[in-house]
Amino acid sequence: MTQDDTTNQQEWQEQQNQKKAPNTPPKKKSPLRNLFRRRRKNNEGDDNHEDEFENETPVTTPERKGDVKSMMAWELETEQAVVMYEAFSEDPLEALSMKSTQELPTPDTPEDVVVRVKASTISLNDCKIRMGLWYDTLELPETPGFDCAGTVETVGSNVTKFVEGDRVVGLIRTGGNARFLSVPESRLITVPEGINSDEAVSIVSVYAAAYQALYRARPEEEEEDKQMLPSLENKSILITGGNGPIGYATIQLAFLGGAKIYATSIEKYHEVLKAAGAIPLPFDDWLPEVEGQMDLVIDSVCEDEYESPRMALNPTGHLVATGINPIILREDPGCFVPTAQWVDFKARYLMGSTTLYDVWTSSIERPQMFRYDVELLMDIVKTGQLKPTIAKQVSLSDVGQAQWDLENGLVDAGGILVCKPWKALKRATPPPPSQKSEKVRSEIQRKRSIVKAKEDEKEEDRLEEEQTSYYKDKAETRGLCNVMLVSDPNGTLKEKRKKKR
């Protein structure tokens, strides 16, 4: 047999072996492959889903088999992604990072619901929690996001109120800046048709706080009957910090109630407040214009521990204090807690005709009333009488920058920052910050460098003083050596000392 015959026989044998070999099992399809398509199909027929995929990255399943790059890119847009911080920090740009995984969450308990998040807000509450200043102890790592709105993805075995596909919103304190999260059933409220996700999260946190500050935060003697809402018709109401999200929402609601509204802010926001129906007042020197005239003051600034707002009240007026967040955020590290605690104690126990209000506490202590108020506000929004003001929509990768802008006053008057977790993520180098943002950042860095220089100078003075004292003590013990060295111009003794050493 020739060599060519042998080679042909080997090739033939290899072909026969391949035919006898069992077929390779087909590759398993990713469990996320049809997730987007299935959720979109379930939403078909919903008259109010114009925002459900608003600004989201278009998803198309790769058609070519073996197109690994396309498949990877597609799965990146359908995976779980969350914003996290592993340590409390004052700098959101350094602390916050985005993490992703293809493992979708399951209900934490049988009473939990996994929500596919369509929107969540970015607020001062998130900043306070990130700094470690929340009044309850929170475990790390943590995800910001005080609320969330979306659709039910899966439900726990004991859940009875919701099924897959239901549209829901909830106040959750942390976790909202994510694509999926597990939420207790009791924290969720059904979102009706006619309300989009951005409006829902704005209502459950911002407008609910404004509404309850106006109507629910009452003197103790009025606590018994909660169904009888006070009338705001022709009442004089002062709102400090009217340019903030809750302040602006309070103006809108008070205007609907027929009140005469005064609102404080810096001058550049006066036209915006006037257009909303308020009489604008200076941010600082406003007391002479309203002293002793107000039926209700809602103070979200607390510039002087509520002294000026109380002086603005008439004899039967009432103060609602909501301004603990600004106190905390403007205090120096290391000294904010006693001051905030003192203001809180003073408002609760030392001042008459004063109610300290917090939306999270209200939702925990009076959940049925909170649910009723949120549903009422959604009905008002559906009628077109009320429209939440959305300042900006940002992706998960922009949450850190959004928190920084919020803390430094770079958000439009009354505007609410909304995180859209399915908005296209930044893959390339982010664009340079705006000139305004860069100017504020440079000013903060300049001030920090001045403080650091002063601290370094003090430290140098201290070390120099210690060094001088040290050598002075040594000189006293080595006086004889000093005399000998002075009387030894040739340095003979000095050389001997070197050799000894």
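Is Glu407 buried, partly exposed or exposed, and what is its relative accessibility? In this predicted model, Glu407 counts as partly exposed because its relative accessibility is 27%, a value that falls between the 20% and 50% cut-offs.

**Figure 1. Close-up of the salt bridge between Glu407 and Arg130.** The closest N and O atoms of Glu407 and Arg130 are 2.8 Å apart, and the pair links distant parts of the chain, with Glu407 in helix H15 (residues 399-407) and Arg130 in helix H5 (residues 124-130), 277 residues apart. Whereas Glu407 is partly exposed, Arg130 has a relative accessibility of 0% and therefore counts as buried. This bridge belongs to a structure that holds five salt bridges.

**Figure 2. Close-up of the salt bridge between Lys387 and Glu199.** Here the closest N and O atoms lie 2.9 Å apart, and the two residues again connect distant parts of the chain, being 188 residues apart. Lys387 sits in the loop between helix H14 (367-383) and strand E14 (390-394), while Glu199 belongs to helix H6 (residues 197-215). With a relative accessible area of 52%, Lys387 is exposed, whereas Glu199, at 9%, is buried.

**Figure 3. Close-up of the salt bridge between Lys274 and Glu271 within helix H8.** The side chains of Lys274 and Glu271 meet at an N to O distance of 3.8 Å, and both residues lie in helix H8 (residues 270-275), where they are three residues apart, about one turn of the helix. Lys274 is partly exposed, with a relative accessible area of 47%, and Glu271 is exposed, with a relative accessible area of 55%.

**Figure 4. Close-up of the pairing of E8 with strands E9 and E11.** Strand E8 runs parallel to strand E9 (residues 260-264), to which four bridges join it, and within E9 the bridge partner of Ser236 is Lys260. Together with helix H7 (residues 245-256), E8 and E9 make a right-handed β-α-β unit. E8 also pairs in the parallel sense with strand E11 (residues 294-299), over four bridges, and in E11 the bridge partner of Ile237 is Leu296.

Note on methods: Residues are numbered from 1 along each chain as its sequence is written. This is a predicted model: local features need pLDDT of at least 70, side-chain atom pairs count only at pLDDT 80 or more; totals for chains, interfaces and linings use all residues. Side-chain values use heavy atoms; hydrogens and water are left out. A salt bridge is a side-chain nitrogen of Lys or Arg within 4 Å of a carboxyl oxygen of Asp or Glu. Buried means under 20% relative accessible area, exposed over 50%, partly exposed in between (1.4 Å probe, protein chains only). Two strands pair if DSSP finds at least two bridges between them. A crossover is right-handed if, with the strands pointing away from the viewer, the path from the first strand over the helix to the second runs clockwise.
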